[in-house]
Amino acid sequence: MCKGGCTYLQRNNHNMLLLEKIISLYAPHLCLGCKTEDNQLICESCRSALPSVPSRCYRCRAVTRDFGVCLACRRHSPLRHLHVALHYDGLAKELLHHAKYERARSGLAEMAELLAPLLAHLPKDAVLVPVPTATRRVRQRGYDQAEVLARILAGSQNVLCESFLARTSQAHQVGSGKAERLRHLEGAFRIIHANRLQGKHIILVDDVLTSGATLETAGRLLKKAGAKQVDAIVFAQAGMG
């Protein structure tokens, strides 16, 4: 659900997804797992075999309920919950690679399907907010994968999706330490439509979680601007072994 109407880019993404689905009827994808012909990049059989992710604190890996951030880590994070669909390896990694680097936007629709069950645990009045990708990456791909993912999810689950964040720099996570990554992200985002943000329960949407620096930077900015609570949902988390 695009509040206030969809932009040209959003309509274009929808049209391209529809076109890819039509093409797949005549030239089916090969399943990334078993290589059989299918209308999806991951067939139902391979999808059902994907390992589930246990509910844990994304920072310290402590077992928690509903992907909650543990009490100790809440002192350092603006997030209360961070839901994860899959480990960033195997088929999940291949699917994301197709969506981001081979411009197969139908892969984002399949990612949204895998994320959708996690929204059952989230409040109905929550607002999905995509974490904007660096503009250079968006120009290269022709779309922002986090925004497309968030809007597909919002449409399928009948919840609001708002772009409360804008990218102000090309900064991305670099360096080996989280502190260094946080420094590179300083000033990377700005708030837009702040008047509609006040008192809202925000659910940040992103594709991959590594250190958590990007989500934490965005979360702090949203809380400072007046968000009541900030949670997050990501397709895959790296380094979860």
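Where is the place of Asp207? I looked it up and found Asp207 in strand S8.

Before going on, I noted that this is a predicted model, in which local features need pLDDT of at least 70, side-chain atom pairs count only at pLDDT 80 or more, and totals for chains, interfaces and linings use all residues. Residues are numbered from 1 along each chain as its sequence is written, and side-chain values use heavy atoms, with hydrogens and water left out.

**Entry: Asp207**

I read a relative accessible area of 5% for Asp207, so Asp207 is buried (buried is under 20%, exposed over 50%, partly exposed in between, with a 1.4 Å probe and protein chains only). Its side chain makes a polar contact of 3.1 Å with that of Gln145 (a pair of N or O atoms within 3.5 Å; within protein, one must be able to donate a hydrogen and the other to accept it, and residues adjacent in sequence count only if both atoms are side-chain atoms). Not counting residues up to four places away in sequence, I list Leu96, Lys100, Met111, Gln145, Val234, Phe235 and Ala236 as touching Asp207 (contact means heavy atoms within 4.5 Å).

**Entry: the sheet**

I traced an open sheet of five strands, paired in parallel, in the order S3-S9-S8-S4-S5. Strands (E, at least two residues) and helices (H or I, at least four) are DSSP runs, numbered from the N terminus, and two strands pair if DSSP finds at least two bridges between them. S3 (79-87) and S5 (160-161) are the edge strands with a single partner each, so one side of each has no neighbour in the sheet.

Helix H7 (residues 145-157) packs on the sheet and touches S4 (127-130), S5 and S8. I noted about 125° between the directions of H7 and S8 (axes are lines fitted to C-alpha atoms, for helices over the stretch in contact; angles run from 0 to 180 degrees between N-to-C directions).

**Entry: strand S8**

How many residues of S8 are buried? I found nine of its nine buried. S8 (residues 201-209) is joined to S9 (residues 229-237) by eight bridges, and to S4 by four. Leu204 stands opposite Ala232 in S9, and Leu204 is also the bridge partner of Val129. Ile203 has Asp231 as its bridge partner in S9.

**Entry: Arg47**

I placed Arg47 in helix H2 (residues 44-48). Arg47 is buried, with a relative accessible area of 14%. Leaving aside neighbours within four places in sequence, I found Arg47 in contact with Gln40, Ile42, Glu110, Glu113 and Leu114.
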